[in-house]
Amino acid sequence: MRNLSSDLSGRQPRQLPGMELRKRAERYFGFGAASSVTSWLMNLWEYVEDRWDLILFETAQHASMVAQCVLVAAVLGVLVGVATYRHPRMASLATSSAGVLFTVPSLALLGLMIPLLGLGVAPSVTAIVIYALLPIVRNTVVGLQGVDPLLVDAARGIGMSRRRTLARIELPLAWPVILTGIRVSTQLAMGIGAVAAYVSGPGLGEQIFSGLARLGGANAVNATLTGTIGVAVLALLFDACYVLLGRLTAPDGPLRRLVTRSAHV
Amino acid sequence: MSEPSTRGVPIELRKVTKAFPGGRAPAVQELDLTIAAGEIVVLVGPSGCGKTTTMRMINRLIEPTSGDILIDGRSSRDIDPDRLRRHIGYVIQQAGLFPHMTVASNIAQVPKLLGWDRRRIAERVDELLTLVGLEPSTFRDTFPRRLSGGQQQRVGVARALAADPPVLLMDEPFGALDPISRQRLQDELLRLQDDLSKTIVFVTHDIDEALKLGDHIAIMQRPGHIVQYARPAEILTNPADAYVEEFLGAGSSMRLLSLTKVGDIELDQVPYAAEDADAREVLAEMERDGRGYALVLDGMRRPLRWVTTAHLKGREGPVGTTGDEISGSIGRRKTLQDALEELLNADTDIVPVTGRHQAYEGALSLATVQNAIQSIKARERERRMLRLGREEGG
């Protein structure tokens, strides 16, 4: 008992700064008095429920923007990779220039685009495509260069043209590596897509930025959290799609099996 | 085969030179080589001697710097390289199968390029798998990585034969295999060639493989020229110079044994008779011969039994089924080495030799083989003396 009371009395003075901090935080983030985790989650849920249509719309926008940007970047990146992989110097030029662009902070790049492209979709899409290019170019080059030269020789030796060798042998063999590049690009695009709200781009970034802009105000944290969690969930969903795509397009996966079966019955 | 296969065509290399940019000496120098239709020609030599370059110029994977290559009388320059290659089978080391395609799909590549319809391709794939000794239903839909090295190379050969090309190029195809698989595949290539009669250009650095497979062998030396182009026996008994001799290494006589066919040496002749021959006449012939035994043949002249004087003494009428059954026979296409092996394992000192349809052709004993070895050695010595005399004279 003595111990307990002394403990209690000992804790008393140390509680003060903590209380102070909590109060300040509550004031700051607008938590209100009931600040246990459950009530906090309830609060967030209420926020999401109230704006369900808007959030769903923004999520769809975000997903569609990322998907389209990655698609464009994939087509461009694979083309650049295919055009350069046979010439080591060109290939390293392509990867290093993509690398240089990569080092520019996304916020800065977006800002630099305002005078050129204004606000909205155009600068957002451009920036995302630029960032998404590097992993795809690099992996396409690495993947194509990694194809056993013996197989290319065999393909050419049995009379396949350069283009057919590329389409039937080199690209299919490099595909897993290229797919990994596209996957990494997608994750990047997710994050940069959120930052794109800085130039009034579409998507979940709007939630994050509006939340951050009125920090301390009502629902500021809820907005930021909704945006962040939404982007994370979307990223996981996309990743799952890539795992599925990888399985489907594996050499003995169902897609290719279907193709070879239909060719040999 | 459902349709008769295309036979080989002649290939001629005329003053073919290949200089790679940056290389000091040309990789191949003014090379002349005439390859007869339906022959296996082996290009053999140490690495860097230009043998692979020479082969790759035939299907224009490498373009000659100068000179002409005629395939069936047509200059290869006049044919689009991709088109040309579809009519020249190509087999490389480790088979080079496409790992993302099934065995069937691998074999089907050239027919697909040639625009065959699906059904014809599927039939051809099964036919080829059977031809190279792989059960179609088991192997058709498997992926190359599930196959052993030997099986992969069989598929490689099937892929090269897919569109029934008259010419086959093989670049060290069995180099990466274990000795047993290698030997088996070499034997099967020879068996296939008996039926197909393609013109085959085969590159290897293994002189034993060259001697075994080649109808003609071109021994190449750095940089890029042919030192000797001759039949294997000729190369063994009469090497062109010290380089060839060194390249052959020791054991030429033993190799000669494995190169000489039983049919090529002088065989023993023993008295023989049909089952319905008169026993007394046969006995009389055996006594004339002096060795005291004879061979009984069936109606197709196939050896059945040995009979001795003891078997026939006092017998009236036909020879019939008396005598000791033969323990085996040696085919005339067997090598002397194989024949020797069989002789050593046989119950009798003399073994009948058979030719077409297993018909009797003669007999072989240790003494016959010994005589043959001696005469080959004598021939070799004579040639060497001749050459030495020539060299001293020149």
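User: Two strands count as paired if DSSP finds at least two bridges between them. With that settled, how many bridges join β9 to β10 in chain B?

Analyst: Keep in mind that this is a predicted model. In it, strand β9 (residues 216–221) of chain B and strand β10 (residues 225–230) of chain B are joined by 5 bridges. The two strands run antiparallel.

User: And which residue is the bridge partner of B:Ala218 in β10(B)?

Analyst: That's B:Tyr229.

User: What about the hairpin, how many residues sit between the strands?

Analyst: There are 3 residues between β9(B) and β10(B). B:Gly224 in that hairpin has a positive phi, near 55 degrees.

User: Do tell, how do β11(B) and β12 run, parallel or antiparallel?

Analyst: Parallel, with 3 bridges joining β11(B) to strand β12 (residues 293–297) of chain B. One pair to look at is B:Ala274, which stands opposite B:Leu297 in β12(B).

User: Zooming out, how many helices and strands does chain B have?

Analyst: Chain B has 15 helices and 17 strands. Its C-alpha trace spans about 85 × 65 × 35 Å along the principal axes. Of the 394 residues in chain B, 40% are buried.

User: What share of the contacts in chain B comes from residues 24 or more positions apart?

Analyst: They account for 64% of the contacts with a separation of 6 or more.

User: Why does B:Ile107 count as buried?

Analyst: Because B:Ile107 has 31 C-beta neighbours inside 10 Å, and the cut-off for buried is 20 or more.

User: Which residues does B:Ile107 touch, leaving out those up to four places away in sequence?

Analyst: B:Ile107 touches B:Val125, B:Leu128, B:Val155, B:Ala158, B:Arg159 and B:Ala162. For a sense of distance, B:Asn345 is 238 residues from B:Ile107 in sequence and 43 Å from it in space, C-alpha to C-alpha.

User: Which residues of α14 in chain B are buried?

Analyst: In helix α14 (residues 336–345) of chain B, they are B:Leu336, B:Ala339, B:Leu340 and B:Leu343. They cover an arc of only 100 degrees around the axis, which puts them on the same side of α14(B).

User: Over to chain A. At what angle do the axes of α2 and α10 cross?

Analyst: Helix α2 (residues 37–50) of chain A and helix α10 (residues 220–248) of chain A cross at roughly 75 degrees. Their axes come within 10 Å. That angle is why α2(A) and α10(A) are roughly perpendicular to each other.

User: Which residues meet there?

Analyst: From α2(A) it's A:Asn43, A:Leu44, A:Tyr47 and A:Val48, and they meet A:Asn222, A:Leu225 and A:Thr226 in α10(A). By class, that contact has 4 nonpolar, 3 polar and no charged residues.

Definitions and conventions: Residues numbered from 1 in each chain as written. Chains lettered and ligands numbered in written order. Predicted model: local features only at pLDDT ≥ 70, side-chain atom pairs only at ≥ 80, totals over all residues. Buried ≥ 20, exposed ≤ 12 C-beta atoms within 10 Å, placed from the backbone. Helix = DSSP H or I, 4+ residues; strand = E, 2+ residues; numbered from the N terminus. Arc of directions from axis to C-beta. Axes fitted to C-alpha atoms, helices over the stretch in contact; angles between N-to-C directions. Parallel < 35°, antiparallel > 145°, perpendicular 65-115°, else oblique. Contact = placed C-beta atoms within 7 Å. Nonpolar A, V, L, I, M, F, W, Y, C, P; charged D, E, K, R; others polar.
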